[in-house]
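Colleague: Could we go through this model together? I would like to begin with its contacts.

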Amino acid sequence: MTTPTLVAPTPAVPTSNNNSNNSNRNTTEQPLTAHQIDHWRTAGFTLVDGLLPAALVDRLATTLTAQFPAPGTPEAAHVTDFGSRLVFPSIEPDVNAVTLHPRLLGAVAQLLGRPVTDLRLTQSDVWPKYGRPTDTAAGDRYDNDDQRIHVDYPNHMLSHPTPWERPAAVEIIVYYGDRRDCDGSTAVVPRTGPDDPCYPWPIVGSPGIAEMPWINDKVSAEAHVAEHRPDLVPLRAALYEREVHTDYRPGTVLLYRHDTWHRGTPLRPGTMRLAHNLTFRLAEATWIDTLHKGWAWGMYRPDQSTERLVATATLDQRAVLGFPQPGDFYWCEQTVDAVAARYGPFGFDPQPYRAALIERS
């Protein structure tokens, strides 16, 4: 068995500590270096350290680890319900804080070359993965332990990604564990250029696309390909040969794309890893679905935490949730008064919306 090639994260641009949560302040963070942006745009991913505050990452990792069964216990095999604790808008405030963190939003904006107000959140969920003996998944085509290499777009859109030079979304994994403790790296295939044979157009050479059924387990998936699509065997073999593995630490962030080949690899038996999956699309890329219930669904909670989240968010943070920005045609004197009545008890400031009305008139 060959040792996988590890790709080490590179540091994000340092930031000052003046990120106040002021609803009148737009986000202007630009934490990625030119090299990180170029690597995402050309190779299909970039691995970054220091993007999120270490204290926030550590606090969330500690909080969520305590919610799950210990690795190796019978209960650990039945953790399937992500629920309101793990999906945005979460009852855990730190899940929301990571999801809408100005540096994370700024990084996505840099990659897509657009302002934060042109972004929309479509996915944010934290999930645990447990390491276990390799033979426990034998024959399970849908097992998540050792994934087949794949692209993510089939369950994010009904269509197909736009051409490589016109990316419309950024996918993200925030790691809350340490590879040295549990393994479980994400394997990624770097794209080498427009003529890369591992990235033919269209991107359909994987189980779960076109006529091939969805199969998650690597052994089962490649056996199906060999039997039913032997013409794809050379491509699939080349993808595994070229994959590199993320050498992550707590807080390392992998930014990649819907059309980047990648897969999850096994964890060390008896360990657990928490990871946070997020996706942001361009506002006009309406063909990319939201994976969860609408964000307003959180308004049913008796603790009114979602109302407080919206009321105290920055303008940029509200924008990525689809909240109309100042100057949007939605706003008139009546709607400003109505929204202020809804969110005023939680600290909502209507002044930016009133000011934009005056300017427009």
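**Contacts, strands and overall form**

Modeller: Taking contacts (heavy atoms within 4.5 Å) between residues at least 6 apart in sequence, 81% join residues at least 24 apart in the protein. This is a predicted model, in which local features need pLDDT of at least 70 and side-chain atom pairs count only at pLDDT 80 or more, while totals for chains, interfaces and linings use all residues. Residues are numbered from 1 along each chain as its sequence is written, and side-chain values use heavy atoms, with hydrogens and water left out.

Colleague: How many helices and strands are there?

Modeller: The protein has 12 helices and 10 strands; these are DSSP runs numbered from the N terminus, with at least four residues for helices (H or I) and at least two for strands (E).

Colleague: Is strand E10 enclosed or open?

Modeller: Strand E10 (residues 272–282) is largely enclosed by the rest of the structure, because 11 of its 11 residues are buried. Buried means under 20% relative accessible area, with a 1.4 Å probe and protein chains only.

Colleague: Which strands pair with E10?

Modeller: Two strands pair if DSSP finds at least two bridges between them. Strand E4 (residues 119–130) pairs antiparallel with E10 over 11 bridges, and Tyr 130 faces Met 272 there. Strand E5 (residues 169–175) also pairs antiparallel with E10, over seven bridges; Val 174 is opposite His 276.

Colleague: Changing topic, what is the order of the open sheet?

Modeller: Its four strands follow the order E1-E7-E6-E9, with mixed pairing. E1 (6–7) and E9 (262–264) are at the edges with a single partner strand each, so one side of each lacks a neighbour in the sheet.

Notes. Buried < 20%, exposed > 50% of the residue type's maximum accessible area, 1.4 Å probe, protein only.
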